[in-house]
Amino acid sequence: MTDVAGLRVGHAQVPGEGALSGTTVVLAPEGGAVAAVDVRGGGPGTRETDALDPRNLVQRIDAVVLTGGSAYGLDAASGVMAWLEEQGRGVRVGPDPAQVVPVVPAACVFDLGRGGDWRARPDASTGRAAVEDAAATASGAPVAEGNVGAGTGAVAGQLKGGVGTASLLLPSGITVGALVVVNAAGSVVDPRTGVPYGEYGAAEPPVHPAPEAVRAAEQRLAEVRDADARPPLNTTLAVVATDADLTRAQAQKLAGTAHDGLARAVRPVHLLTDGDTVFALATGERPLDPHNPIALNELLAAGADVLARAIVKAVRAARSVDARPGGGRYPSYGDLYDIPPPAPRPSAGSAPAPDSPVG
């Protein structure tokens, strides 16, 4: 995500024993970014998404909040609003430059009680901590993945979910990035092979776990299903961003087609118990080719690709947790299939260029 110049990402977790939730903030550069949203899940929890309709007033926004805690956790956006107001950032509504109203779109995942404490969920202080964390990072700083921020209590089917991020540098020089919180009711892994669905069709061949690991994983997942009688109240959230100069209508198209990446990597998806929501951000640094009427197509395809890749990275980066009262666990993909997690991304000072088409 932070390969899109100017964007910063911060995380915060709810403190205390029995807490397994948190908040993630994507902070736009000074002056904000063009934003849009596409909601396709049947049980969404959102805030300020109507403001992103291209027919409405607000042109640019300063931050997007992804949070745990179900609808309660949307209060995290209040902390982000307060911080932005202190910086003088937002829609100016009076003669004094300090008279602003920050527009902070937000969406939540369901993770209530996963750590044992039903009331341990994000609030305004969690949102403030996350946006302060984002503001304190350097431009291009690597983004923590796995059990962080809004992914702290996330699950994916019976696996531990989490936060993942990926990017793609297009031949035109435009960058497209994605950040996702994988908390899906559907599965992210093909039970027949142990391969994440999002790796099928990728430029690089998928890594197949050993057959004996696949058989053992199937048995362990059945035990997890039998031990958890609660309904699969879930949601996958994402932000797809680009440094291209997009109109609000073009950004909305990008948010919509990015859902194709979600559908490739999670099966089934967009259920009544999901609140699947994708935001799009455009910082406007690079113009689209004015002589190519379908130049946007390149971005639309890339948005779906990077979102599918980010989902795979989230699942691979997640770690097993004791997530339910009575000693139950949500196992990680790596533990289940005996595959080590990926190496951490290098620090911003030595970070490579954005992910290649095969990255």
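A polar contact is a pair of N or O atoms within 3.5 Å; within protein, one atom must be able to donate a hydrogen and the other to accept it, and residues adjacent in sequence count only if both atoms are side-chain atoms. The structure is a predicted model, in which local features need pLDDT of at least 70 and side-chain atom pairs count only at pLDDT 80 or more, while totals for chains, interfaces and linings use all residues. Residues are numbered from 1 along each chain as its sequence is written, and side-chain values use heavy atoms, with hydrogens and water left out.

**First stop: Arg 316**

Select Arg 316, which is found in helix α5; helices (H or I, at least four residues) and strands (E, at least two) are DSSP runs, numbered from the N terminus. Display the side chain of Glu 199 as well: the side chain of Arg 316 makes a polar contact with it at 2.9 Å. Arg 316 counts as buried, at 14% relative accessibility. Buried means under 20% relative accessible area, exposed means over 50%, and partly exposed lies in between (1.4 Å probe, protein chains only).

**Second stop: Glu 145 and Lys 313**

Remain on helix α5 (residues 296-317) and select Lys 313. Glu 145 forms a salt bridge with Lys 313, and the closest N and O atoms are 3.9 Å apart. Because Glu 145 lies in the loop between α2 and β9 (155-156) and Lys 313 in α5, the pair ties together parts that are 168 residues apart in sequence. The term salt bridge denotes a side-chain nitrogen of Lys or Arg within 4 Å of a carboxyl oxygen of Asp or Glu. Glu 145 is partly exposed, at 23% relative accessible area.

Next, select Glu 86 and Arg 128, a salt bridge whose closest N and O atoms are 2.7 Å apart. This pair links distant parts of the chain, 42 residues apart: Glu 86 belongs to helix α1 (residues 76-86) and Arg 128 to helix α2 (residues 124-135). Glu 86 is exposed, with 53% relative accessibility, whereas Arg 128 is partly exposed at 23%.

Move to Asp 243 and Arg 286, where a salt bridge brings the closest N and O atoms to 3.6 Å. Asp 243 sits in strand β13 (residues 237-244) and Arg 286 in strand β14 (residues 277-286), and the two are 43 residues apart. Asp 243 is buried, with a relative accessible area of 7%; Arg 286 is partly exposed at 38%.

A search of the whole structure finds eleven salt bridges.
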